[in-house]
Amino acid sequence: MSDDEEIILADLPDDELVLQMMDDLYDGLKEEIEESVQILLSRGWTPYDILTKALVAGMTIVGHDFRDGILFVPEVLLAANAMKGGMFILKPLLIETGAPRMGKMVIGTVKGDIHDIGKNLVGMMMEGAGFEVLDLGINNSVEKYLAALESEKPDILGMSALLTTTMPYMKVVIDTMIANGIRDDYIVLVGGAPLNEEFGKAIGADAYCRDAAVAVETAKSFVARKHNQMAANG
Ligand code: B12
């Protein structure tokens, strides 16, 4: 196909459309991403499959090329913006599952860190699974986390960090919770690309979750355990 010939997204079969979406995400084409998301929805794709198989998969490629110095911050910002366009369409659909209220989560990215795509995904998936989610946004200080715990009384605190320089701040938050005698009142889940299970253990979190699906499963099992304990204690 020549360059000036426009691709009609709706004419592409599913597999080609998904590949095209990865290209469009890479090029930061928000409108095309939004259109493709709508096309896949109209073809019966589940919001979850669109999110994971097209958007998250596409963002992974962007991530690799950013790491390797092929893409730079402005391009990645455009890609992130295109991804957000797609997520904005999917969010209400993911939430619309009518799942019973499972519990409440306060989630935020730690101080010094402005990455929020993964955190937003976790929040969306948690809402989709029936959790009430209060999103504190990015760049959260220990004071902001503690104030939200105090006012919202959630079951779960979720912290996100994407930088090796900001991930230690999670320990600052947990240590302050310990010092204030409130650590055990909450289930603390942590996540973000540079983290791993050992790090989660070392800083005293209840669990590290590698992705949003694991976050939902982990949250469900911890909340169930907490409710059982409460029932056993009368
Ligand atoms: C997009 C992006 C950006 C965008 C962010 C846009 C936005 N609104 O978020 C922009 C361009 C702004 C950006 C800026 C920077 N970035 Co950046 N960025 C990325 C990139 C390419 C993708 C991150 C992403 O969105 N991934 C997709 C999501 C879906 O995945 P995720 O975040 O990992 O989240 C999943 C899991 O980790 C988990 N999870 C995440 N959070 C949580 C929380 C909880 C509670 C749970 C349970 C689970 C969980 O579930 C999520 C969903 O499945 C990564 C590369 C990478 N491979 O991660 C670099 C990366 C994180 N960035 C990096 C860097 C260096 C920077 C900058 C310092 C660059 C600069 N020189 O200015 C700045 C930092 C600014 C700051 N102070 O924060 C480095 C970090 C390296 C390091 N060792 O610390 C990376 C790894 C790229 C690289 N290899 O060099 N970045």
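## Q20 and its neighbours

Q20 touches I7, L9 and L12, leaving out residues up to four places away in sequence; a contact here means heavy atoms within 4.5 Å. Q20 sits in helix 1, which covers residues 14-26. Helices are DSSP runs of H or I with at least four residues, strands are runs of E with at least two, and both are numbered from the N terminus. With a relative accessible area of 17%, Q20 is buried. That word stands for under 20% relative accessible area, exposed for over 50%, and partly exposed for what lies in between, using a 1.4 Å probe and protein chains only.

A word on the model itself: it is predicted, so local features need pLDDT of at least 70 and side-chain atom pairs count only at pLDDT 80 or more, while totals for chains, interfaces and linings use all residues. Residues are numbered from 1 along each chain as its sequence is written, and side-chain values use heavy atoms, with hydrogens and water left out.

## The whole protein

How many helices and strands does the protein have? There are 9 helices and 5 strands, and from the N terminus on they follow the order α-α-α-α-β-α-β-α-β-α-β-α-β-α. The radius of gyration of the protein is 19 Å, close to the 17 Å that the globule rule gives for 234 residues, so the protein is as compact as a globular protein of that length. This radius is taken over C-alpha atoms, and the globule rule is 2.2 Å times the number of residues to the power 0.38.

Along the principal axes, the C-alpha atoms fill a box of roughly 70 × 40 × 30 Å. Of the 234 residues, 46% count as buried. Among contacts with a separation of 6 or more, 71% are between residues 24 or more positions apart.

## The largest pocket

Rolling a probe the size of a water molecule over the atoms shows where empty space is left. The largest pocket found in this protein has a volume of about 1500 Å³. Of the 47 residues that line this pocket, M59, I117, G118, L162 and A193 are the closest to its centre. A pocket is an open set of points, on a 1 Å grid over the protein atoms alone, where a 1.4 Å probe fits, with protein on both sides within 12 Å along at least five of seven lines; lining residues have an atom within 4 Å of a point. Points are joined across faces, edges and corners, and the volume is the space filled by probe spheres set on them.

Which element gives the most to the lining of the largest pocket? Helix 3 does, with 11 residues. Elements that each supply at least two residues of the lining include helix 4 (73-95), strand 1 (103-109) and helix 9 (212-232). The lining divides into 30 nonpolar, 11 polar and 6 charged residues. Here Ala, Val, Leu, Ile, Met, Phe, Trp, Tyr, Cys and Pro count as nonpolar, Asp, Glu, Lys and Arg as charged, and the others, Gly among them, as polar.

## The cobalt atom

The cobalt atom of the ligand has a single donor from the protein: NE2 of H115, 2.2 Å away. H115 is found in the loop between strand 1 and helix 5. Donors are N, O and S atoms within 2.8 Å of the metal (3.2 Å for Na, K and Ca), and water is not among the atoms, so sites may look incomplete.

## Two buried residues

Y145 lies in helix 6 and is buried, with a relative accessible area of 0%. Leaving aside neighbours within four places in sequence, its contacts include G108, T109, V110, L157 and V173. Y145 and V110 are 35 residues apart in sequence, yet 9.0 Å apart in space, C-alpha to C-alpha.

R183 belongs to the loop between helix 7 (169-179) and strand 4. Is R183 buried or exposed? At 10% relative accessibility, R183 counts as buried. The residues in contact with R183, beyond four places in sequence, include I174, V188 and G204.

## Two positive phi angles

Most residues other than glycine have a negative phi. N139 has a positive phi of about 55° although it is not a glycine. N139 lies in the loop between strand 2 (131-135) and helix 6 (142-152) and is partly exposed, at 42% relative accessible area.

K153 also has a positive phi, near 45°, and is a residue other than glycine. The loop between helix 6 and strand 3 holds K153, which counts as exposed at 54% relative accessibility.
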